[in-house]
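Have a look at the sequence and the fold first, then read on.

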Amino acid sequence: MSKQGFRFLWVGQSFASLGDVLYVVAIITLLYEATGSATYAAMVAFLRCFSNLFSGLVAPLVLDRLPLRSLLVYSQFGQAGLLFLLLACLYIFDQSFRPFTMLVFVVLISWLEAWILPAKNAIVPKLVTKERLVQANGLLATVDQGVRLAGWSLGAAAFVWIGGMPVLWVTAALFTLSALAMVGINDKVQQDQDSSTVKADLSNWHKLREGWVILWQTPVLKIISALEILEGLAGGIFVGGVMLVYVKEVLHRGEDWWGFINASYLVGALVGGLCGILLSRLVNRWLGHTIMFGSIIFCALTFSFAWIPIPVVALILNFLMGPAFQLRDIAQRTLFQKAIPTHQLPQVFSAKGTLGFATFGISAILMAGLTDYAGVQYALNVSAVLYAACAVFAVWNKSRLLSSSKA
């Protein structure tokens, strides 16, 4: 196990996660200031998802050509470089060109982001033993959620104190620090990656579909992928705009409670990550049970969330969703990492990420449309039914999940 290499990984992720939050806060607020249009601000989330999706489709070709450490380093330096270039453009161009320029760079930066996630998830099993995977995934999840929770508060405050452009400078510096931290991942990981990915002269088409083939031909991965499709289709209910409607029409509160709802979930997810660390041995022994009960609990909480219009109770329910989702996510990620050889993980995680971007994008449109057409409580109930389908499907495949947990 490479403790030092893993330490550099989570330090680098911390800088990257904080930078990502500050970057989104700065871009959205700068766009709104420049245009006065909420549509422009909403385009940030759409374009990020769109760019992630299409970049994820070609990611296997990049993952096949570069060692994981190199890909992490180049991608983070690339994001930093693009931000510095964006800042230069914002100083050069006049006000009328700024919105378009910012949206173009959102697409470019997000394109690189779709390569970082599969590389990060695939490199973890090369840095820790199988017995420590749950603990490692829990630590990464805790760091990510904790930094993001702090980042949203810091981002809003920083924008008020120093303005959007200085926040972008800070973000570029954080991406640079992240890349420098990734450089510290030891050379042995790079050499192992080089030696393990020596392949025959395969066509690009074969490389593009390799992860998808493994995903659907490995029984436990096929089950988890089906679960994540259902979860992705349900997850659009928690998109910011839909939750704002929920706060106003169901809880009858203002925008400040929208912030409270989001913060309560992030705190719950942070607690879930800590539980993953503290209960790593137990979760590792009961990965299948964690997935099943996580789905059941999340379904029950979503139904309750839809029909109990008491603000304090809504906060508590949203907080409880955090540990249920985070522990289930840690268990599913760990099963992925244990089920297949490490040299195939980049392609499989790339396919998994692309699947997630696609289903989430569909869900965001679906849930927003249902909210406008039939009301937010109806949309929440549809989401809860989809989570119920997850729970039923997990229980239906109980034997496969439990047997894979023991591998």
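F50 and F54 sit four residues apart in helix α2, so about one helical turn separates them. Helices here (H or I, at least four residues) and strands (E, at least two) are DSSP runs, numbered from the N terminus.

A quick word on what you're looking at: this is a predicted model, where local features need pLDDT of at least 70, side-chain atom pairs count only at pLDDT 80 or more, and totals for chains, interfaces and linings use all residues. Residues are numbered from 1 along each chain as its sequence is written, and side-chain values use heavy atoms, with hydrogens and water left out.

**Aromatic rings**

Back to the two phenylalanines. A pair of aromatic rings is described by the distance of the centres and the angle of the planes. The structure holds seven aromatic pairs. In F50 and F54 the ring centres are 4.8 Å apart and the planes meet at 50 degrees, so this pair is tilted. For the cut-offs: rings of Phe, Tyr and Trp (its six-membered ring) pair if their centres lie within 6.5 Å, and planes under 30 degrees apart count as stacked, over 60 as edge-to-face and the rest as tilted.

Elsewhere, F298, F325 and Y387 make up one aromatic cluster. R328 lies over the face of F298, 5.4 Å from the ring centre, and K352 does the like over F336, at 5.5 Å. A charge sits over a ring if NZ of Lys or CZ of Arg is within 6 Å of the ring centre and within 35 degrees of the ring normal.

Areas come from the Shrake-Rupley method with a 1.4 Å probe, and for residues only the protein chains shown count as cover.

**Buried or exposed?**

Buried means under 20% relative accessible area, exposed over 50%, and partly exposed in between (1.4 Å probe, protein chains only).

| Residue | Relative accessible area | Class |
|---|---|---|
| M43 | 30% | partly exposed |
| F50 | 43% | partly exposed |
| F54 | 39% | partly exposed |
| H252 | 58% | exposed |
| S399 | 58% | exposed |
| T302 | 0% | buried |

T302 belongs to helix α13 (residues 287-307). What does T302 touch, leaving out residues up to four places away in sequence? Its partners are M321, L380, S383, A384 and Y387, where contact means heavy atoms within 4.5 Å.

H252 lies in the loop between α10 (240-249) and α11 (255-278). Most residues other than glycine have a negative phi. H252 is not a glycine, yet its phi is positive, about 55 degrees.

S399 is in helix α17 (residues 398-405).

**The whole chain**

The protein chain has 17 helices and zero strands. Of its 407 residues, 54% are buried. Among contacts between residues at least 6 apart in sequence, 86% join residues at least 24 apart. The accessible surface is about 17,500 Å², with 69% of that belonging to carbon and sulfur atoms.
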